Amino acid sequence: MEINQLSSLVIKFETADMVGAPFSHQILLKMQFAGQGIGVDFQIAYIDREDLSEEEILEEGFSLNDDYSWKGQIDNAWLEPIKEILKKTPNKFNHKALEEEMNFFEIEVNQQPAGNPINQTDWEYFLQELIQAIYETSQKEAPFHLEYRRIDKDKNVKNFELNLYYAKRQAEGINSIGKTDSKPITWAQANAIIQQVFIGEFIPDAALKNEPKHTGKYISVGDGYWYEFTKSLKRPNGNKGYLTELEKTFDPWVD
């Protein structure tokens, strides 16, 4: 899309019909571009929970009231990425009726309804990044923190920490066993790592609650557990090389 002057952006999202409660939700994000920050009016509402018991909701890791709204400003570091995704969005939009497995997604640019972008997958991922920026800025959530730990047979320990600060759109890599050594890492590199990690199958019931001490390779993703490769972190169906590729991603950062 060719945008000479960006004044406002509205993103509307709703999970597909096939996504049931308590996961189903709606999002409305309104953004204004003026001054030193980006003005934000954000709302997320979880829907269709009327027929669920409290236990069923809590068992899925939710609370009894997960709705959230916030008005404020996020950092101007997000302005250029917003312009960039708009630039990559074709002028042709999809106005076909939604199928059951499709999320509803619509954008409005400069108060002009544009409809459903053809590159919807890119927009959905970008929306999640914006939401994390909002959650950090409003102090609803802390910055994302990941650790990769490799314990060799000789008990030599290597550790790599990855921090994503969505509020400022900055990434930090740290080699943190022995001496702390900062590793230069770009936002794109950090996001590629995160996307690769979360393809895997995480099994909390088989994970460690305390820091690992035995030979192996482990990942902690900020939920209080350490996931061991092949035991509590498994490859997704159809991706036999997942764990090997994950090792190749992390090992250069600790060696």
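What we have is a predicted model. The chain holds five helices and 15 strands. Its C-alpha trace spans about 65 × 45 × 35 Å along the principal axes. Of the 255 residues in the chain, 44% are buried. Among contacts with a separation of 6 or more, 57% join residues 24 or more positions apart.

I turn to the aromatic rings. A pair of aromatic rings is described by the distance of the centres and the angle of the planes. Rings count as paired if their centres lie within 6.5 Å, and by this rule there are 18 aromatic pairs. Take Phe 42 and Tyr 135: the ring centres are 6.0 Å apart and the planes stand at 80 degrees, so this pair is edge-to-face. Where do the two residues of this pair lie in the chain? Phe 42 belongs to strand β3, residues 37-46, and Tyr 135 to helix α3, residues 120-137; they are 93 residues apart. Both Phe 42 and Tyr 135 are buried.

A second pair is formed by Tyr 148 and Phe 250. Here the centres are 4.7 Å apart and the planes are at 15 degrees, so the pair is stacked. Tyr 148 is in strand β8, residues 144-151, and Phe 250 in helix α5, residues 242-254, so parts 102 residues apart in sequence are tied together. Tyr 148 has a relative accessible area of 0% and is buried; Phe 250, also at 0%, counts as buried.

Ring pairs also build a cluster, which links Phe 13, Trp 78, Phe 105, Trp 123, Phe 126, Tyr 166 and Trp 187. Over the face of Trp 78 lies Arg 169, at 5.0 Å from the ring centre. Elsewhere, Lys 140 lies over the face of Tyr 68, 5.2 Å from the ring centre.

Finally, I come to a pair of helices. How do helices α2 and α3 cross? The axes of α2, residues 79-87, and α3 come within 11 Å and cross at roughly 170 degrees. Angles over 145 degrees count as roughly antiparallel, and α2 and α3 are therefore roughly antiparallel to each other. On the α2 side, the contact is made by Pro 81, Ile 82, Ile 85 and Leu 86, and on the α3 side by Asp 122, Trp 123, Phe 126 and Leu 130. These contact residues comprise seven nonpolar, no polar and one charged. Trp 123 and Phe 126 of this contact are also among the members of the ring cluster. Thank you.

Methods:
Residues are numbered from 1 along each chain as its sequence is written. This is a predicted model: local features need pLDDT of at least 70, side-chain atom pairs count only at pLDDT 80 or more; totals for chains, interfaces and linings use all residues. Side-chain values use heavy atoms; hydrogens and water are left out. Rings of Phe, Tyr and Trp (its six-membered ring) pair if their centres lie within 6.5 Å; planes under 30 degrees apart count as stacked, over 60 as edge-to-face and the rest as tilted. Helices (H or I, at least four residues) and strands (E, at least two) are DSSP runs, numbered from the N terminus. Buried means under 20% relative accessible area, exposed over 50%, partly exposed in between (1.4 Å probe, protein chains only). A charge sits over a ring if NZ of Lys or CZ of Arg is within 6 Å of the ring centre and within 35 degrees of the ring normal. Axes are lines fitted to C-alpha atoms, for helices over the stretch in contact, and angles run from 0 to 180 degrees between N-to-C directions. Angles under 35 degrees count as roughly parallel, over 145 as roughly antiparallel, 65 to 115 as roughly perpendicular and the rest as oblique. Contact means heavy atoms within 4.5 Å. Ala, Val, Leu, Ile, Met, Phe, Trp, Tyr, Cys and Pro count as nonpolar, Asp, Glu, Lys and Arg as charged, and the others, Gly among them, as polar.
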